[in-house]
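Biologist: I would like to go through a few labels in this structure and ask what stands behind each of them.

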Amino acid sequence: MMLAPGTPLPSFALPGLDGKLVTDVQFRGSPGLLVAFICTHCPFVKHIRREFARFTNEYAARGLAIVGMASNDVAAFPEDGPEGMAHDARDAGYTFPYLFDETQEVARKFRAACTPDLFLFDRNGSLVYRGQFDSSRPGNGVPVTGSDIRAAADAVLNGLPVNPEQRASIGCNIKWKPGNEPEYF
């Protein structure tokens with residue numbers, strides 16, 4: 001079900017919270033790109049969001065490009081739409097482009113399964129990491145550090161191979177529109 005390592009960055013063109021279109025082409029030449037499928041209501045995202053914001057601010061300053069994407073069915077979860085996303089971005093301190101995937105087409109291209117679901121691409125646009133932020137989960141007592149994505153991002157920014165031992169993300173399933181569930185489930 002997961003995208004294989006080495007998969008090229010899927011194309012996308014989605015509106016950001018400011019209404020401007022953000023595309024994959026804009027990130028060509030970046031030292032790396034992190035695409036994070038997140039949403040406002042998921043307790044797993046809420047659990048990591050402060051450290052995730054800290055991580056994204058720190059690594060953006062080091063040259064890593066970052067985009068967040070929200071792909072949930074807003075008819076079922078209205079808080080996951082642009083208004084809720086804008087509030088969440090302000091509250092969490094997100095400074096990266098936060099894109100709304102209303103048709104869910106981009107989530108399908110990435111084979112996104114849950115929130116949070118993290119995809120890291122190297123400077124050549126090849127997938128080098130798909131997995132968890134870290135091993136912390138709501139209620140498990142493990143501190144939120146971002147250790148897994150930090151290690152992968154450090155490798156990418158230093159031009160080194162990313163550890164192939166990766167743990168899939170665990171979180172809330174993407175909330176697909178009725179009849180829009182992807183064939184990979």
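Biologist: Where is Arg111 placed?
Modeller: Arg111 sits in the loop between H3 and E6. Helices (H or I, at least four residues) and strands (E, at least two) are DSSP runs, numbered from the N terminus. This is a predicted model, where local features need pLDDT of at least 70, side-chain atom pairs count only at pLDDT 80 or more, and totals for chains, interfaces and linings use all residues. Residues are numbered from 1 along each chain as its sequence is written, and side-chain values use heavy atoms, with hydrogens and water left out.

Biologist: Why is Arg111 called partly exposed?
Modeller: Buried means under 20% relative accessible area, exposed over 50%, and partly exposed in between (1.4 Å probe, protein chains only). Arg111 has 28%, so it is partly exposed.

Biologist: What makes Gln104 buried?
Modeller: Its relative accessible area is 0%, so Gln104 counts as buried. Gln104 belongs to the loop between strand E5 (98–100) and helix H3 (105–110).

Biologist: What is the phi of Gln104?
Modeller: Phi of Gln104 is near 70°, a positive value in a residue other than glycine. Arg111, also not a glycine, has a positive phi of about 60°. Most residues other than glycine have a negative phi, and most peptide bonds are trans.

Biologist: Which kind of peptide bond joins Thr115 and Pro116?
Modeller: A cis one, with omega about -5°. Pro116 lies in the loop between strand E6 (114–115) and strand E7 (117–122).

Biologist: Which residues does Asn173 touch?
Modeller: Contact means heavy atoms within 4.5 Å. Leaving aside residues up to four places away in sequence, Asn173 touches Asn72, Ala113 and Cys114.
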